[in-house]
Amino acid sequence: MSSSSDTRIAWADPARAAAFHAWLDGIAPRHGLDVASLRSASSDASFRRYFRIDAAGGASCIVMDAPPPQEDVRPFVAVAALLHDAGLNAPRVLEQDLERGFLLLGDLGTQLYLQALQDCVARGDAAGADRLMRDAIAALVHWQSRADASGLPPYDEALLARELALFPEWCVAREFGVRWSDTQRSQWDAACALLVRSALAQPTVAVHRDYMPRNLMVAEPNPGILDFQDAVRGPITYDMASLVRDAFISWDEEREIDWSVRYWEAARKAGLPVAPDFGEFWRALEWMGLQRHLKVLGIFCRLKHRDAKPAYSADLPRFFAYAHKVATRYHGFGPLAHLLEPLMGTSRVDAFY
């Protein structure tokens, strides 16, 4: 049965739809795919879409539609291989059309880490949340200690600066309509310089770059890892900062620190080049997280204003809270905290500790 009979998938480009269906029909016999079962699985903040399709023996597969030139599936294929080589659970690439951006992938299931953690919170299951986070931490140490990062793009000064620039452009100016004075712009530049310098001073490892519960699956072995195509070679604290200070679920700081200590101890045991003093490591993680949170504030506003995806902006207060907490904690970021406050509707008394 031809996949072109499926009417549940919308296509803006009829030519791409025809190419997709021809490709899927061509690979279906090799994998026992039931093309009539094709249905939407998920989409994300990019132009990629994911479909689920039934296969022989009660199994299922995932089909990725990543339209060029907006998307390039080659990094996904390359990093998937890195993850498998490191012994981690990522989708297997079963078929690929690199030029047109179609992939057939193994299916890691339907239970997101994020939903599982939210369920644990809802029922007061602290031990269940802890087990999930410990599995994620163990996988992260595995990734950092075994993945060959030498072929990954560097998380260099130019990339860090481009990411930070998203905040004034899309969040400050576009979302809030605020124009900074020359003095405020200088304060922003000074804060960015501190963050970039701290990031570049860290030892480098393979960095997933979005290692958070929304991109992890409850699977066997646990966790399944998704959305890794933007991996780089960069600061060792980056992925841990992403995990404990997440876009969609927040923890009290006692748990953030507990999980970070467990990571730090496991990383040292694995021979990873983390700071010998946990306090030094925690400061680097918080500063790395601040860079990420400012970037994400810009990205979420860009998704709203440029890409017509307003849902992400509902989580702006979470990221403002993360960023403001760190900016008020460390000497040198007080002016940044004052820049954030008019956007948050808060004020404060200067206090550093």
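**Figure 1. Charged side chains across the predicted model.** The protein carries 38 positive and 45 negative side chains. The centres of these two sets lie 1 Å apart. The model shown here is predicted. The accessible surface comes to about 15,600 Å². Carbon and sulfur atoms account for 53% of that surface.

**Figure 2. The whole chain and its overall dimensions.** The protein has 11 helices and nine strands. Its C-alpha trace spans about 70 × 45 × 45 Å along the principal axes. A compact globule of 353 residues would have a radius of gyration near 20 Å; the protein has 21 Å, so the two agree. Of the 353 residues, 52% count as buried. Take the contacts between residues at least 6 apart in sequence: 66% of them join residues at least 24 apart.

Figure 3. The average pLDDT of the protein is 93. A score of at least 70 is reached by 94% of the residues. Residues 1-7 stay under 50. For residues 1-7 the model has 12 contacts beyond four places in sequence. Residues 347-353 also have a pLDDT below 50. That stretch, 347-353, has 16 contacts in the model beyond near neighbours in sequence.

**Figure 4. Serine 37 in strand β1.** Strand β1 covers residues 34-43, and serine 37 lies in it. Is serine 37 buried or exposed? Its relative accessibility is 8%, so serine 37 counts as buried; the cut-off for buried is under 20%. Serine 60 is 23 residues away along the chain. The C-alpha atoms of serine 37 and serine 60 are separated by 9.8 Å.

Figure 5. Leucine 108 sits in the loop between β5 (102-106) and α3. With a relative accessible area of 16%, leucine 108 is buried. Which residues does leucine 108 contact, leaving aside its neighbours within four places in sequence? Asn89, Ala90 and Pro91 are among them. So are Met217, Val218 and Ala219, along with Gly224, Ile225 and Leu226. Alanine 122 is 14 residues from leucine 108 in sequence, and their C-alpha atoms are 24 Å apart in space.

**Figure 6. Cysteine 120 in helix α3.** Helix α3 runs over residues 113-122 and includes cysteine 120. Cysteine 120 is buried, with a relative accessible area of 4%. Beyond its neighbours within four places in sequence, cysteine 120 is in contact with Asp125, Gly128, Ala129 and Leu132. Leucine 132 is 12 residues from cysteine 120 along the chain. The C-alpha atoms of this pair, cysteine 120 and leucine 132, are separated by 9.8 Å.

Figure 7. Most peptide bonds are trans. The bond from proline 68 to proline 69 is cis, with omega near 5 degrees. Where is proline 69 found? Proline 69 is in the loop between β3 (60-65) and α2 (74-85). The bond from asparagine 222 to proline 223 is also cis, with omega near -5 degrees. Proline 223 is found in the loop between β7 (216-217) and β8 (224-225).

Figure 8. Most residues other than glycine have a negative phi. Arginine 209 is not a glycine, yet its phi is positive, about 90 degrees. Arginine 209 is placed in the loop between β6 (204-207) and β7. Its relative accessible area is 18%, so arginine 209 is buried. Aspartate 227 is not a glycine either, and its phi is positive, about 55 degrees. The loop between β8 and β9 (232-235) holds aspartate 227. At 15% relative accessibility, aspartate 227 counts as buried.

**Figure 9. Histidine 338 in helix α11.** Helix α11 spans residues 334-344, and histidine 338 lies in it. How exposed is histidine 338, and what is its relative accessible area? The relative accessible area is 39%, so histidine 338 is partly exposed. Glutamine 187 is 151 residues from histidine 338 in sequence. In space, histidine 338 and glutamine 187 are 9.7 Å apart, C-alpha to C-alpha.

Conventions:
Residues are numbered from 1 along each chain as its sequence is written. This is a predicted model: local features need pLDDT of at least 70, side-chain atom pairs count only at pLDDT 80 or more; totals for chains, interfaces and linings use all residues. Side-chain values use heavy atoms; hydrogens and water are left out. pLDDT is the predictor's confidence in each residue, from 0 to 100. Contact means heavy atoms within 4.5 Å. Helices (H or I, at least four residues) and strands (E, at least two) are DSSP runs, numbered from the N terminus. The radius of gyration is taken over C-alpha atoms; the globule rule is 2.2 Å times the number of residues to the power 0.38. Buried means under 20% relative accessible area, exposed over 50%, partly exposed in between (1.4 Å probe, protein chains only). Accessible areas come from the Shrake-Rupley method with a 1.4 Å probe; for residues, only the protein chains shown count as cover. Lys and Arg count as positive and Asp and Glu as negative; His and the chain ends are not counted. The place of a charge is taken as NZ of Lys, CZ of Arg, CG of Asp or CD of Glu.
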